[in-house]
Amino acid sequence: MSFHYTVEKNVQMLVYLMKQHGVKKVIASPGTTNVTFVASIQNDPYFEIYSAADERSAAYMACGLAAESHEPVALSCTGATASRNYVPGLTEAYYRKLPVLAITSTQHTGRIGQLCAQVIDRSQVQNDIAVKSVTIPLIGSEEDEWDCNIKLNDALLALSHHGGGPVHLNLMTQYSNDFSVNPLPEFRIINRIGLNDAFPALPTGKIGIFVGAHLTWSQELTEAVDEFCAKYDAVVFKDHTSNFNGEYGVEYSLVAAQNYSYSTRQMDLLIDMGEMSGAYMNLQPKSVWRVNPDGEIRDRWKKLTKVFEMEEINFFKHYNALRSETTKTTYYAECSAEYADLLRRLPELPFSNDWIASVTAGRIPEGSALHLGILNTLRSWNFFDVPKTVDCFCNTGGFGIDGLMSTCVGASLANPDRLHFLVLGDLAFFYDLNSIANHNVGKNLRILLVNNGCGTEFKNYNHFAAQFGDMANEYMAAMGHYGNKSPQLVKHYATDLGFEYLTASSKEEYLAVLDQFLTPTLTDRPMLLEIFTDYRDESDALQNLNTMEISTKEKTKQVVKNLIGADTAHKLKKLIKG
């Protein structure tokens with residue numbers, strides 16, 4: 001019988017990535033739980049394997065071998081208390097920053113605490129025996145595979161990151177006796193590049209730059225990104241929290257929201273910058289490079305291949321210096337043309353957050369700060385441009401509704417002469433109600449409260465909770481709280497606190513007070529504009545915007561349904577499938 005690699009995919013991935021990250025020396029200790037790993041490497045000529053029956057001795061052997069060879073060394077042991085004997089040697093490796101990879105094999109971690117023989121809890125390790133400790137689960141889905149890939153690349157990179165040190169992998173096994181896999185499958189490799197490392201060549205083809213939430217840009221960085229876009233035919237995909245105001249930025253949220261998949265969503269390389277984003281852009285890159293000084297693996301697109309641990313300005317300066325000439329900015333032209341085309345064909349929207357954003361975003365006074373509520377509000381306002389001198393913020397870090405108003409109040413204190421606008425829904429407003437009663441609130445604060453009497457996000461046509469219809473009202477969408485859209489409650493509270501109170505319940509009423517709310521100079525007191533909308537109109541507006549462009553396939557479906565009726569079309573679909 002010939003033996004090759006185990007069918008256990010997490011072990012296959014570990015073996016493949018060890019080879020890609022240069023871990024070839026292994027000290028193996030006897031046991032059953034680590035058989036799938038040991039058997040998979042012992043016939044692979046890449047690995048240099050040694051045996052040690054005593055795990056305590058094995059760990060110290062790894063220290064000596066790593067220090068002498070200047071290479072990482074892996075350890076492999078079985079379950080039960082075998083791994084406990086690694087502790088002294090790993091402590092030595094930690095304080096000497098030696099790249100020792102301790103692979104402790106384990107049964108399914110669900111067995112911990114269930115009186116299963118030879119199962120111990122390795123979920124926590126001492127602070128000074130590993131710079132990183134992760135559990136590598138069994139793989140049963142694409143999401144599991146992605147999770148394992150991230151953890152393994154991250155762990156293997158940690159062996160040398162910031163001086164390096166020992167790393168612990170708790171590797172799950174099913175004790176499979178099938179070792180028929182040959183050749184070893186390939187898996188994604190993620191590499192980290194520092195400022196003093198060799199930079200990879202940029203791939204040919206379309207290059208996009210996605211910017212998540214980002215603090216105000218320096219002029220130098222903005223100019224460097226613009227220069228990069230001009231030289232490499234790149235485009236910046238941004239939302240309001242990106243705060244990029246350069247020449248090659250596109251507010252892409254409206255395009256990305258369309259049911260039809262525009263070709264501009266597909267690119268050969270996406271350069272990922274910034275932090276958490278609430279834009280939910282459905283971009284489709286072939287490969288992603290992450291640029292951030294923290295050097296951490298952040299794989300929001302599930303296509304990450306390289307992490308550049310450096311200031312953003314250094315990344316763009318490097319590639320700008322490699323090319324002197326500019327090129328035709330066709331990619332930017334395509335993306336901006338698609339956005340402009342959608343704006344020209346904007347459908348009639350009911351009175352809603354989306355409609356309010358459409359008539360207000362472009363009129364926010366120059367130089368102001370704009371704070372946006374999460375989810376429904378941020379999405380609505382991301383569809384429409386704001387002036388380039390307006391800085392935008394949203395609590396996308398923790399993505400909660402609990403401190404939106406307090407955040408804006410705090411920001412407004414930093415510059416009392418700068419107007420600070422806040423747009424948020426009723427649940428978020430009442431959640432943080434006490435914040436505007438703070439006696440430090442200044443006259444530069446202006447709040448736009450969209451009161452629809454519920455968490456309208458949960459009532460939108462495309463939300464997971466929408467399938468429950470009215471059943472979602474009481475417990476999922478929290479309908480009817482906080483005065484149930486009382487026209488007096490917020491009015492009395494705001495005026496008693498010294499706010500100027502404005503209100504609107506229709507497009508005509510809103511337009512009648514908008515100029516006053518957007519007065520570009522400071523008035524004698526803060527303002528609160530409360531508008532009353534219906535959650536059904538909110539949902540309809542979003543659906544109208546999302547379906548401005550649909551695929552030919554979807555158009556055909558609609559034609560068929562119109563001709564024969566939805567019920568008949570559904571029956572035919574079931575008949576064809578059956």
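**Entry 1: the sheet**

In which sense do β19 and strand β21 pair, and over how many bridges? I looked this up first. The model is predicted. β19 and β21 (residues 527-532) pair in the parallel sense, over six bridges.

Next I traced the whole sheet. It is open and has six strands, in the order β17-β16-β18-β19-β21-β20. The pairing is parallel. I checked the edges: β17 (391-393) and β20 (500-504) each pair on one side only. Neighbouring strands are turned by 15° against each other on average, direction ignored.

**Entry 2: helices on the sheet**

I asked which strands helix α12 touches. Helix α12 (residues 404-414) packs on the sheet and touches β16 (369-372), β18 and β19. Its direction makes about 180° with that of β18.

**Entry 3: I447**

I went back to β19 (residues 445-451) and took I447, which is found in that strand. Buried or exposed? I447 has a relative accessible area of 0%, so I noted it as buried. Leaving out residues up to four places away in sequence, I listed what I447 touches: M405, L422, L424, I436, F499, F517, M527, L528 and L529. I also took a distance to S380, 67 residues away along the chain. The C-alpha atoms of I447 and S380 are separated by 16 Å.

I started with W217 and F244. Their ring centres are 4.9 Å apart and their planes stand at 65°, so I logged the pair as edge-to-face. W217 lies in the loop between β8 (207-211) and α6 (219-232), and F244 in the loop between β9 (234-238) and β10 (249-251). The pair therefore ties together parts that are 27 residues apart in sequence. W217 counts as buried at 9% relative accessibility. F244 counts as buried at 3%.

Then came F421 and F517. This pair is edge-to-face too, with 5.6 Å from centre to centre and 75° between the planes. F421 lies in strand β18 (residues 420-425) and F517 in helix α16 (residues 507-517), so the pair ties together parts that are 96 residues apart in sequence. F421 is buried, with a relative accessible area of 2%. F517 is buried, with a relative accessible area of 2%.

**Entry 4: other ring contacts**

I followed ring pairs elsewhere and found a cluster. The pairs link F199, F228, Y232, W289, F308, F315, F316 and Y319. I also looked for a charge over a ring. The charged end of K302 sits over the ring of W146, 4.5 Å from the centre of that ring.

**Entry 5: α3 and α4**

How do α3 and α4 run relative to each other? Helix α3 (residues 55-69) and helix α4 (residues 87-96) pack at an angle of about 25°, with their axes 7 Å apart. I therefore recorded the two helices as roughly parallel. On the α3 side I found R56, A59, Y60, C63 and A67. They meet P88, G89, L90, E92, A93 and R96 in α4.

Methods: Residues numbered from 1 in each chain as written. Predicted model: local features only at pLDDT ≥ 70, side-chain atom pairs only at ≥ 80, totals over all residues. Heavy atoms only, no water. Helix = DSSP H or I, 4+ residues; strand = E, 2+ residues; numbered from the N terminus. Buried < 20%, exposed > 50% of the residue type's maximum accessible area, 1.4 Å probe, protein only. Contact = heavy atoms within 4.5 Å. Phe/Tyr/Trp six-rings, centres within 6.5 Å; stacked < 30°, edge-to-face > 60°. Lys NZ or Arg CZ within 6 Å of the ring centre and 35° of its normal. Pairing = 2+ DSSP bridges. Axes fitted to C-alpha atoms, helices over the stretch in contact; angles between N-to-C directions. Parallel < 35°, antiparallel > 145°, perpendicular 65-115°, else oblique.
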